[in-house]
Protein chains: 2
Amino acid sequence: MSKKLGEQSLIFETQPKIISTANIVGPLEGKGPLKEFYDFILKDNLNNLDSWEKAESYMLEWAVKKAAEKGYKTIDDIDIMFAGDLLNQLMSSHFAARQLARPFLGLYGACSTLVEGMIIGSVFIEGSFASNVISAVSSHHDAAERQYRFPTELGTQRPPISQWTVTGSGAMVISNTGESPKITTATVGKVIDMGIKDANAMGPAMAPAAADTIRQHLQDTDRLPNYYDMIYTGDLGKIGKALVIDLLKEKGNIDITSNYEDCGCLIYSEDQDTHSGASGCASSAITFTGYIYQKLLKNTLKKVLLVGTGSLHSPTSYLQRESLPGIAHAVSIEI
Amino acid sequence: MSKKLGEQSLIFETQPKIISTANIVGPLEGKGPLKEFYDFILKDNLNNLDSWEKAESYMLEWAVKKAAEKGYKTIDDIDIMFAGDLLNQLMSSHFAARQLARPFLGLYGACSTLVEGMIIGSVFIEGSFASNVISAVSSHHDAAERQYRFPTELGTQRPPISQWTVTGSGAMVISNTGESPKITTATVGKVIDMGIKDANAMGPAMAPAAADTIRQHLQDTDRLPNYYDMIYTGDLGKIGKALVIDLLKEKGNIDITSNYEDCGCLIYSEDQDTHSGASGCASSAITFTGYIYQKLLKNTLKKVLLVGTGSLHSPTSYLQRESLPGIAHAVSIEI
């Protein structure tokens, strides 16, 4: 029987379980409003390693091992690991995967990668191709800034619209057995580009994709927004968040004001001076694997729509005066 | 019933069908020994566009559209498109996906990406999550050289061990119905790194991963090498090919000398001066979608093992004196 749902969605009948999650963050994140929900806080962004890139890879490896441990699994119990990050050629993920020595499939959806891994991992579980899989991502402020914009040592002034790439990693074990929060449906997004050309305006660049995926998800599943206790986007920041609300109202007559939040608006407090909020693969990852997952375990939230959002531009395409394409994928998690 | 097979392999009971393939190549490839198997040969590497990157993206979009057309499908019949390339942030794939406007999941496994897409796509088909999916990849000599090594305008001398990144793109439609060649099993590889630090020595860097995946595949499926009419690796080149043969003989007592070839050794003739052979995502892609697929359709080959091979280093990790990790994924295709 087909498990396609409408135009772009999938339904999981056996409902893959998120049996455990883990996260690790940098010092700035560790001082933020969600600090009690992190498993480990690094003392500094280098963590006594030679480079920021190596520190990022260390975090990813740590999060995967911790997620397995918290799910009472050994690394060898993991059938396949799905991971990705923001660094060119998925440097953090590949060097972590080298240490972990498990079957590995690399994904790239910019900051939507965690949800992409949850969708593909769930398809493997539901199809009986795996019993336990990992979805994991990482990002690192200094490593990302020097690759995408300017080395942080330059002290380049950041415009108010800019967001702060999260230093951190989040991982989860998705399994075919257990009583944990379940992945029930998913919506795979399209690449959408509204022509925004400012590489700092990632929230506005991703907002149309997020709105499109949320609208499509509700249509495919025949649900109203209030079916969900909360809808979370990954890293739109303040401006992107406001845009999603407006776009859904204008284009779909859909009102999500009462049950919508963006992970990028939760990670830092106003006085942490990160401008428009958090971004990066780790934005949705550390928030989902900590704050949101804990609420699901405690039944404070029973139905959540997690929308991973990715800005797909590259420094090369930006220099070639191309605009910033965006993408968004959604998974519904229920208990 | 579990569809896991042994340690790292998957079995497809409904056997997803490769109903159509398409490819497009640059002028150098179009003068090579496999020229009769290409759907379109560009007159020059820029194809009248502003940049090599745009030319690469054009090829990927062209190959996807052509594969759909040859399979008597419209683009809207494609449920999900899986694609990746070698450019940072999958620039070619994302700009092609923007034009194609179908649900998109980006993959990165360096030159193993085509097979990664075939595996994940087959899992979606077998699990009834999709009726038709695309697996597509691209690479472009000049775009890849300037990103990974030196801009080609510099005329930097290439060492004899180096390989030539293929300019081209290959795509296929994998479907749940049809009488075409079938994907019957797959093996997901691990990241393996033997410590090679020369960024030109990609064949030797990938060979241990290729040997490990072939050995694991034969063990998981309880097959001897001669079960297959041919085993093809993606882009090991002359030196990597010789190493795989030796590694399998020494470490596994497995002899593949009589039915093994590397796609990277088929694309260029000796007098085309590409040194150790072809590399790049398009190496396995243009060879499989043309030469190998035609042999399957004509029953000249009935059982093929295609092993996608990827060198997972980045210019950043190389500058940080890291070694080159490799990965290899395998799919068996049978008629």
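Buried, as used in these legends for a predicted model, means a relative accessible area under 20%, whereas exposed means over 50%.

**View 1. The salt bridge between Arg102(B) and Asp76(B).** The side chains of these two residues, Arg102(B) and Asp76(B), meet at 3.6 Å, N to O. The pair links distant parts of the chain, with Arg102(B) in the loop between α3 (91-100) and β6 (104-106) of chain B and Asp76(B) in the loop between α2 (52-70) and β5 (80-85), 26 residues apart. Because its relative accessible area is 8%, Arg102(B) counts as buried, whereas Asp76(B), at 58%, counts as exposed.

**View 2. The salt bridge between Asp76(A) and Arg102(A).** In chain A, the side chains of Asp76(A) and Arg102(A) meet in a salt bridge of 3.7 Å, N to O. Asp76(A) lies in the loop between α2 (52-70) and β5 (80-85) and Arg102(A) in the loop between α3 (91-100) and β6 (104-106), so the pair ties together parts that are 26 residues apart in sequence. Asp76(A) is exposed, with a relative accessible area of 57%, and Arg102(A) is buried, at 8%.

**View 3. The salt bridge between Asp50(A) and Lys54(A).** The side chains of Asp50(A) and Lys54(A) meet at 3.6 Å, N to O. Asp50(A) is exposed, at 68% relative accessibility, while Lys54(A) is partly exposed, with a relative accessible area of 23%.

**View 4. The relation between chain A and chain B.** The same surface serves both copies, since 100% of the contact residues of chain A recur in chain B.

How values were computed: Residues are numbered from 1 along each chain as its sequence is written. Chains are lettered from A and ligands numbered from 1 in the order in which they are written. This is a predicted model: local features need pLDDT of at least 70, side-chain atom pairs count only at pLDDT 80 or more; totals for chains, interfaces and linings use all residues. Side-chain values use heavy atoms; hydrogens and water are left out. Contact means heavy atoms within 4.5 Å. A salt bridge is a side-chain nitrogen of Lys or Arg within 4 Å of a carboxyl oxygen of Asp or Glu. Buried means under 20% relative accessible area, exposed over 50%, partly exposed in between (1.4 Å probe, protein chains only). Helices (H or I, at least four residues) and strands (E, at least two) are DSSP runs, numbered from the N terminus.
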